[in-house]
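The sequence and the structure come first.

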Amino acid sequence: MGETSYGVPGRVTALAEGLWMIDLGFQERETVVTAYLIQQGDALVLVETGPSSTLAHLLAGIRTAGFNPNDLTNIIVSHIHLDHSGAAGVLLRDHAPRAVVHVHPVGLPHLVDPSKLVASAGRLYTDRMDELWGEVAPVQEDRVIPVVDDEPVHIGGLDLVPIFTPGHASHHIVLWDPARKVAFTGDVGGVRMPSMTFNLPPCPPPEVNPEAWAQSAERMRGLSAERLCLTHGGCFDDVSAHLAQLEPNIAALTEVAKTGLLAEEDHETLTARIHDWVAGQAGPIDPEVLVNLEWASPSYLASLGLTRLLVKRGVVIPHTPA
Ligand SMILES: [Zn+2]
């Protein structure tokens, strides 16, 4: 993973022939949210868009890599959480007139009409919506294409394979590039900043499902990936060691939440408990890296997501209305 370095916003790292990582500089921090660009023949493919709040950095990154955003042919998003695909509508409308978007069929309606998505994000982020995500514009229906599990998307001579991988979100895909042996793992592959070995499974509400996540981990291990490219943290080549952390870390994190909830901790206290656990697992790292990790996978979202999971499963009884 020598190429994965800290970047400045919009900084581009060439990873392989025809493959670049763009650091979107989310919150003016490093490697918190990234996107990837693949070019082969006439195909210019963007994997993840990031939110509209980092669109200027994305466009600058595409240009730094030597391309014009106008020439984007395809955009593929891992799922429809706003840090992964929030900019899709604005990007297509204002900057990428030729491009189409590929997305999981369950996520597709929310790109076409983002009102429900924006409403539910608004409940989580309240008055910080605009600062965090910027504009969430609808994508024209005739520019969105649903992907099929394990069925390659052919773009010119390029084949990219969507792998349905629920667990973090029911409509999540991993994108497999068999030619480069790279898997773009979105959130289901975990969150890990450069310099860390710890792989944090992001557990926001409302759809965390440990059993589905374990099956997805198994599918990722079944790819012959030599490199995992995360949306949060960049690329890592210790594929089996990275993926082997997923199930035990989900289980341990869930146990942390259960302990706090059984002690009737409120949301703030449980958030602090989760943050402390994450910091302990991350080990002795630069405090700034821990801040970046917290931006990428906030402890307060894990508190909400795991509370929802444990209440839904009857493991804990809610002491506030759920
Ligand atoms: Zn997500």
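## The hairpin

In the hairpin of strands β12 and β13, which has 3 residues between the strands, Gly233 takes a positive phi near 125°. The model is a predicted one, in which local features need pLDDT of at least 70, side-chain atom pairs count only at pLDDT 80 or more, and totals for chains, interfaces and linings use all residues. Residues are numbered from 1 along each chain as its sequence is written.

Strand β12 and strand β13 (residues 234–236) run antiparallel and are joined by 3 bridges, with Leu230 standing opposite Gly234 in β13. Strands (E, at least two residues) and helices (H or I, at least four) are DSSP runs numbered from the N terminus, and two strands pair if DSSP finds at least two bridges between them.

## The parallel partner

Strand β11 (residues 182–186) pairs with β12 in the parallel sense over 4 bridges, and Phe184 stands opposite Cys229 in β12. Together with helix α7 (residues 210–222), β11 and β12 make a right-handed β-α-β unit; right-handed here means that, with the strands pointing away from the viewer, the path from the first strand over the helix to the second runs clockwise.

## Two faces of one strand

In a regular strand the side chains alternate between the two faces of the sheet. From β12 (residues 227–230), Arg227 and Cys229 point one way, while Leu228 and Leu230 point the other way, and all are buried (20 or more other C-beta atoms within 10 Å of a residue's own, with C-beta atoms placed from the backbone).

Technical notes:
Buried ≥ 20, exposed ≤ 12 C-beta atoms within 10 Å, placed from the backbone.
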